[in-house]
Amino acid sequence: MKLTETISALPIEAEASQRSDVLRCITSGRAGECLPLAYVPMLREDRANGRVRIRVEMEETVFPLLNAVNVTAMAHFVPYLAFERFNGLEHLNRSYKGEPEVDASVTPFIEDMDYDVLHEINYTMGIHARTGSKINSAVVEAYNTLWNFRARARSTKIAQRGKLDTDLAPAFWRNPGMSHIVPDFDQAMIDGEVALQVVNPKLPVKSETRRLSPDNNHQMPSIVDADDNAVPGDANGFRDWGERIFAEMSADGLVVSLANIELAKKTAAFAALRKQYAGVEEDYLIDLLMSGYRIPDLQMSQPILLDRRSTIVGYSQRWATDGANLDQSVTRGETYIDLRMRTPPMNTGGIILITMEIVPEQLFERQQDWFLNNAPNFAPTVDDFPEFVRDYLDPEKVDVVPNSHVDVEHTDPTGTFGYAPLNHVWKRNIPRVGGKFMRQVGDPFVEDRQRIWGVETIDPALVEDFYVVNNLHHNVFADTNADPFEITTLGNVDIVGNTVFGKRLEEDTGDYDVIDSQVDKSRIEQEEE
C-alpha cells in the first residue's frame, strides 16, 4: 500500500552511452541543385555534438569567371515529428509502439520505399542497397520535408514537393539586392480599418426625378431621363441611375470614434506579430500561439537549423606550358566550409541532414538607376526624390515596383513587378558591367560575356523562377556534361543516448577451455552423522 497519492511519469535513469558517426563522403554535383551530402540518424533521446569540414572543387572553366560562385552549406535537424504522417507527439508515441488510433488503424513509424540507385538522392549521397529491395524512407522524407519548410519560409508562390520525391530539388537564388520585393502585401495591416458608427441607421434615400408608377399609386425613380429617353438596363435588367439616387448623410452622418482608431492600431500590431508564424500549416495552432499559449510539440514539428555557412569559390588560372599554346589557360576553383552541430537530447529522434547549394551570383545589371531615370523615357525631377514631410506622413509607405526596376529593356516596363518599402530604390545595389562585357540590347551572342555565368531571363517576373534555380546552364565549363563540382565531406558526430553496446570481442583462441581444464571441479562430500 502506497502512503503517497502520486504516480510517477518520469522515465528511469538509463545508463547513457556514447557512439560516433564518422562522416567520410565524396560526391559530385551540379550548380542550381540542393545537394544532400550526408546524414546522421538520431534515435529517440539522442543528443549530438560534432563538426564537419566540406571541401568544394570546381572543374575547369574555359575563361576565368567574372561573377562570384556562391556556396552555402547547411546542417539541419529534421525531427520525425516533422514528417507529415504524424499529427502531434501523442500520435508519434502510439506509432512508435504500434498502438492503434481511434479508427483502429496503426500509423507505421517507419515507412519503406523501393531502392533504386538511379534515384538522384541515393545517387548523390552514395547510398547502397540491393536493387529492388525495400529501404527506410526516412532520409528521403527528411530531405523533402526540409526543402518544403524552406520554400514555405521563402514564399507561398513556390510549389511543394511530394514526401517521396527522389529527384534533387532546385537550389534557392541568393538575391540580396531584390529580397525586399514581394509579389503582394497585407494592405489592411498597413492601412488599418476603422469601424464607422452610423448615427441614424435609416438614412433617407432621395432621387432627382420622380414619376408615377404604372399603377399610379406609388412614386418611383424615373426610368427615363429629362428628355423622356429610356435609361437602358444591363444584361440582368439593372439600370445605372448615376447620381439620380443618393443617400442623405450630411444630417445624420457617420462618426469615427477614438476607440475604433485605437482598435485599428492594435489590430495592425497583432497582424504583424501573426506574420512571424507564416509557414505554420494549421490556423488553430497560430491562434493558440497568438493567445500566448506554448505548444511544445510545435517546435519539434519543423526542421531546426543547426548551422549555416556561406562563402565564394576562389579561382586559380593555369596556363599552358607548350610553345604553341602559351596564351591558352583554364581556370579551376576551390573553397572550404566548416559546420558545427550541437543538439540537446531530442525526444522524438530524427535525421541530421547536411545539404549544400551552389549558385552563381545574379547581377541584374540592367536594373533601373532611379537617380538617372525615373520612368521608361524621362529623367527624374526634384519631386521624385525623397522628401521628409511627405514621406513621413504617407499612410502607406509602399512603392509599386515596375518591371523596369529589374530590367530596363522589359517589354512591359510600366507593368507591376511587385511591391517594396517606400524609397527602397535609394538603398542602392546596382552592379556595373561595362566595356566589352556590357549586355547588349536583344541579347546577341558576345564571346566576352561567356565569362559571366548566370541566367539572363527575358522579361523577368516575380514568380517561382525568381526564388528557385531552374534551367541553369553550365556552358562556362570545359566539359558541359560532367558534374562540375567535386565535394568532400569529412567529420565526426559524437552521439550520447540510451543505446546499449556489447563489450569488445576477441578472436577465439581456446584460452578459456585450457584454463578450465586445469581447474579441480570436485567437491568434498561430508559424512552424515
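Modeller: β1 is joined to strand β19 (residues 485-497) by 13 bridges, and the two run antiparallel. Strands are DSSP runs of E with at least two residues and helices are runs of H or I with at least four, numbered from the N terminus; two strands pair if DSSP finds at least two bridges between them. This is a predicted model, in which local features need pLDDT of at least 70 and side-chain atom pairs count only at pLDDT 80 or more, while totals for chains, interfaces and linings use all residues. Residues are numbered from 1 along each chain as its sequence is written, and side-chain values use heavy atoms, with hydrogens and water left out.

Biologist: Which residue is the bridge partner of Arg-19 in β19?

Modeller: The partner of Arg-19 is Ile-495.

Biologist: What is the order of the strands in the open sheet?

Modeller: The five strands follow the order β1-β19-β3-β15-β14, with antiparallel pairing. β1 (17-29) and β14 (314-319) each have a single partner strand, so one side of each is left without a neighbour in the sheet.

Biologist: Changing topic, where is Asn-122 found, and is Asn-122 buried or exposed?

Modeller: Asn-122 is in helix α2 (residues 120-125). The residue is buried, with a relative accessible area of 5%; buried means under 20%, exposed over 50%, and partly exposed in between (1.4 Å probe, protein chains only).

Biologist: What is Asn-122 in contact with, leaving aside neighbours within four places in sequence?

Modeller: Asn-122 is in contact with Tyr-115, Asp-116, Ile-127 and Ile-135, where contact means heavy atoms within 4.5 Å.

Biologist: How many salt bridges does the structure hold?

Modeller: The structure holds 20, each a side-chain nitrogen of Lys or Arg within 4 Å of a carboxyl oxygen of Asp or Glu. One of them pairs Arg-309 with Asp-307, with the closest N and O atoms 2.8 Å apart.

Biologist: And how exposed are Arg-309 and Asp-307?

Modeller: Arg-309 is partly exposed at 43% relative accessible area, whereas Asp-307 is buried at 9%.

Biologist: Which residues are linked in a network of salt bridges?

Modeller: Arg-85, Glu-111, Glu-141 and Lys-163 are linked in this way.

Biologist: Finally, where is the place of Phe-388, and is Phe-388 buried or exposed?

Modeller: Phe-388 lies in helix α8 (residues 388-392) and is exposed, with a relative accessible area of 63%.
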